[in-house]
Amino acid sequence: MSSPNEKTLVDTAPNALPAPEVIEVTSTRVMCDGGGGALGHPRVWYDMGDDGFVECGYCDRRFVLKDGADGH
Ligand SMILES: [Zn+2]
């Protein structure tokens with residue numbers, strides 16, 4: 001009673017997301033809500049500290065500190 005009927009689960013992303021947005025900001029403290037609307041997410045704040053960038057854990061957007069924006 002061996003069944004060759006194997007299921008192969010190919011987990012392809014049904015809705016491949018486009019490349020994460022890169023958003024230039026002038027402050028190390030940024031807010032992201034995913035852009036609002038149905039595609040948004042709860043409003044969260046990030047502090048990129050000394051790294052100069054931070055990625056949103058919800059929508060994968062990357063916030064990058066603009067050059068020369070520090071402490072002016
Ligand atoms: Zn986000």
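**Exercise 1. Find the bridge partner of Glu-24 in E5, then work out how the sheet around it is built.**

Step 1. Go to Glu-24 and look across to E5: the bridge partner there is Val-64. Strands here are DSSP runs of E with at least two residues, and helices are runs of H or I with at least four residues, both numbered from the N terminus. Before going on, note that this is a predicted model, where local features need pLDDT of at least 70 and side-chain atom pairs count only at pLDDT 80 or more, while totals for chains, interfaces and linings use all residues. Residue numbers start from 1 along each chain as its sequence is written.

Step 2. Now widen the view to the two strands. E1 covers residues 22-25 and E5 covers residues 62-65, and they pair in the parallel sense over 4 bridges. Two strands pair if DSSP finds at least two bridges between them.

Step 3. Val-64 has another bridge partner to look at: Phe-53. That takes you to E4 (residues 53-55), which runs antiparallel to E5 and is joined to it by 3 bridges. Also on this pairing, Val-54 stands opposite Phe-63 in E5.

Step 4. You get an open sheet of 3 strands in the order E1-E5-E4, with mixed pairing. E1 and E4 are the edge strands, since each pairs on one side only. From one strand to the next, the twist averages 20°, with axes taken as lines fitted to C-alpha atoms (for helices over the stretch in contact) and angles running from 0 to 180 degrees between N-to-C directions.

**Exercise 2. How many helices and strands does the protein chain have, and what pattern do they follow?**

Step 1. Count the elements: 0 helices and 5 strands. Read along the sequence, that gives β-β-β-β-β.

**Exercise 3. Which residues make up the largest nonpolar core?**

Step 1. A residue is buried if 20 or more other C-beta atoms lie within 10 Å of its own, exposed if 12 or fewer, and partly exposed in between, with C-beta atoms placed from the backbone. A nonpolar core is a set of buried Ala, Val, Leu, Ile, Met, Phe, Trp, Tyr and Cys residues joined through C-beta atoms within 7 Å.

Step 2. List the members: Val-30, Cys-32, Val-54, Cys-56 and Phe-63, 5 residues in total. For the chain as a whole, buried residues make up 7% of the 72 residues. As background, nonpolar side chains in soluble globular proteins tend to be buried together.

Step 3. Check E2's part in this. Its covered face holds Val-30 and Cys-32, while Arg-29 and Met-31 sit on the uncovered one.

Step 4. Follow the contacts (C-beta atoms, placed from the backbone, within 7 Å). Leaving out residues up to four places away in sequence, Val-30 touches Val-25, Tyr-46, Val-54 and Phe-63.

**Exercise 4. Cys-56, Arg-43, Leu-39 and Asp-60: which count as buried and which as exposed?**

Step 1. Start with Cys-56, in the loop between E4 and E5. Cys-56 is buried because 20 other C-beta atoms lie within 10 Å. Not counting residues up to four places away in sequence, Cys-56 touches Cys-32, Val-44, Tyr-46 and Arg-61.

Step 2. Move to Arg-43, in the loop between E2 (29-32) and E3 (44-47). Arg-43 has 11 other C-beta atoms within 10 Å, so it is exposed. Arg-43 still touches Met-31 and Asp-33, with residues up to four places away in sequence left out.

Step 3. Leu-39 counts as exposed because it has 9 C-beta neighbours inside 10 Å. Its C-alpha atom is separated from that of Cys-59 by 9.0 Å.

Step 4. Finish with Asp-60, in the loop between E4 and E5. With 12 C-beta neighbours inside 10 Å, Asp-60 counts as exposed. Its phi is near 70°, a positive value in a residue other than glycine. The hairpin of E4 and E5 has 6 residues between the strands.

Notes:
Two residues are in contact if their C-beta atoms, placed from the backbone, lie within 7 Å.
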